Amino acid sequence: QVQLVESGGGLVQAGDSLRLSCAASGRTYAVGWFRQAPGKERDVVATINWSGGSTYYADSVKGRFTISRDNAKNTVYLQMNNLRPEDTAVYYCAARASYGLGLHVRDYDYWGQGTQVTVSS
């Protein structure tokens, strides 16, 4: 069992930046960041494989968000630049228990509690 703890959320203005962190209690394979806005489904934002050599980004965040990982610290980061009001959501970190990038909620075995990101216009 792997525990995940997200941090770094907050209230910012449009155009600002935030960096989210996901600290894992142990080794993880692929890790993904998902987000869920009120009344909407939880959607993938970005994913990264175990080595960091392969990543995926949702079209809505390409060029603005960067996912990275430091396996020595068992931590995955999501650097979010040029934030927009539509980025407002609860952001969740999730980890797979096997190899391969996962792009869907069902692909992930462990979840953090979420961190709120609010972007004002």
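1. Let's start with the strands around the largest pocket. In this predicted model, β4 (31–36) and β5 (43–48) each supply at least two residues of the lining of that pocket. Of the strands, β5 gives the most, with three residues in the lining.

2. As for the space inside, the largest pocket holds about 180 Å³. If you wonder how such a space is found, rolling a probe the size of a water molecule over the atoms shows where empty space is left.

3. Next, have a look at the disulfide. The structure holds one, and it joins cysteine 22 to cysteine 93, with 1.9 Å from S to S. The two cysteines sit in distant parts of the chain: cysteine 22 belongs to strand β3 (residues 18–24) and cysteine 93 to strand β9 (residues 89–95), 71 residues apart. The link of cysteine 22 and cysteine 93 is left-handed, with -70 degrees about the S-S bond. As a reminder, a disulfide is a covalent bond between the sulfur atoms of two cysteines.

4. Are these two cysteines buried or exposed? Buried means under 20% relative accessible area. Cysteine 22 has 2% relative accessibility, so it counts as buried. Cysteine 93 has 0%, and therefore counts as buried too.

5. Now step back to the whole fold. The protein has zero helices and 11 strands, so there is no helix to search for as you follow the chain. Read along the sequence, the pattern is β-β-β-β-β-β-β-β-β-β-β.

6. How does the overall size fit the number of residues? With 121 residues, a compact globule would have a radius of gyration near 14 Å, and the protein has 13 Å, which agrees. Along the principal axes, the C-alpha atoms fill a box of roughly 40 × 30 × 25 Å.

7. Finally, two values for the protein as a whole. Of its 121 residues, 44% count as buried. Among contacts with a separation of 6 or more, 58% come from residues 24 or more positions apart.

Conventions: Residues are numbered from 1 along each chain as its sequence is written. This is a predicted model: local features need pLDDT of at least 70, side-chain atom pairs count only at pLDDT 80 or more; totals for chains, interfaces and linings use all residues. Side-chain values use heavy atoms; hydrogens and water are left out. On a 1 Å grid over the protein atoms alone, a cavity is a set of points where a 1.4 Å probe fits but cannot get out, and a pocket is an open set with protein on both sides within 12 Å along at least five of seven lines; lining residues have an atom within 4 Å of a point. Grid points are joined across faces, edges and corners, and a volume is the space filled by probe spheres set on the points. Helices (H or I, at least four residues) and strands (E, at least two) are DSSP runs, numbered from the N terminus. A disulfide is a pair of cysteine sulfur atoms within 2.5 Å. Buried means under 20% relative accessible area, exposed over 50%, partly exposed in between (1.4 Å probe, protein chains only). The radius of gyration is taken over C-alpha atoms; the globule rule is 2.2 Å times the number of residues to the power 0.38. Contact means heavy atoms within 4.5 Å.
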